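I opened my notebook to record what I looked up around the ligand in this model. My entries follow in the order in which I made them.

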Amino acid sequence: MIERTLVIIKPDAVKKGLIGEIISRFERAGLRIVAMKMLRLTKEEAAKFYPSDEGWLRSVGSKSLKSYSEIGKDPREDLGTDDPVEIGKIIRGWLADYLSMGPIVAMVIEGNRAVEVVRKIVGSTTPYSSPPGTIRGDFSVDSPDLANLEKRALFNLVHASDSPKEAEREIRFFFRENEFVDYT
Ligand code: GDP
Ligand code: MG
């Protein structure tokens, strides 16, 4: 099943000189880049990229809460709340700062089950627990509690769409129809 997914090389990865390394991991897996650009978003533009529906906020907040329960720490110490939606809102604000703090590279990747395969190559949300061999596991040791304590987003180098439906919306955010290159 051929799919398209959006990947963003985030500002921390560009700063670390990892653009080539990251792109090559997708290429060597047999995936195809069909659109790509380097750009810099304003904070306002970056804020529009992330969803603001309650489902998304709750999902991000719940993941963060899970990492607090794993380390046995009270999330209220760092965040002042243990409500997943409220935590999602706080993190969403930090994400706008993160995505606009430097240049990024956005690309559309195409291939069989591209959404799932790209997520596998990228690794899990939290770099310190992402396995070696994944982009996030190989190039970062960041964790949610450290990021929340420092009042910033988790610096995890890459964004990759969560589902084919999200991919469609995210691809439209960055690319117009005439920016795709067709080749075999
Ligand atoms: P992803 O799909 O793996 O990128 O993760 P999500 O969609 O759940 O979250 C979006 C982004 O929010 C992540 O890539 C991180 O940069 C950031 N983020 C996620 N969880 C946390 C957290 O618990 N704390 C902080 N500070 N940032 C987080
Ligand atoms: Mg996501």
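I began by writing down that a polar contact is a pair of N or O atoms within 3.5 Å; within protein, one must be able to donate a hydrogen and the other to accept it, and residues adjacent in sequence count only if both atoms are side-chain atoms. With that in hand, I found a polar backbone atom of L154 at 2.8 Å from an oxygen atom of ligand 1.

I noted that this is a predicted model, in which local features need pLDDT of at least 70 and side-chain atom pairs count only at pLDDT 80 or more, while totals for chains, interfaces and linings use all residues. Residues are numbered from 1 along each chain as its sequence is written, chains are lettered from A and ligands numbered from 1 in the order in which they are written, and side-chain values use heavy atoms, with hydrogens and water left out.

How much of the accessible area of ligand 1 does the protein cover? I read 97% of the 550 Å² that ligand 1 has on its own, with areas from the Shrake-Rupley method and a 1.4 Å probe.

I then turned to the shell around ligand 1, where nine residues are nonpolar, four polar and six charged. Helix α6 (84-99) is among the elements that give two or more residues to this shell, and α6 gives the most, with four residues; helices here are DSSP runs (H or I, at least four residues), numbered from the N terminus.

Definitions and conventions
Nonpolar A, V, L, I, M, F, W, Y, C, P; charged D, E, K, R; others polar.
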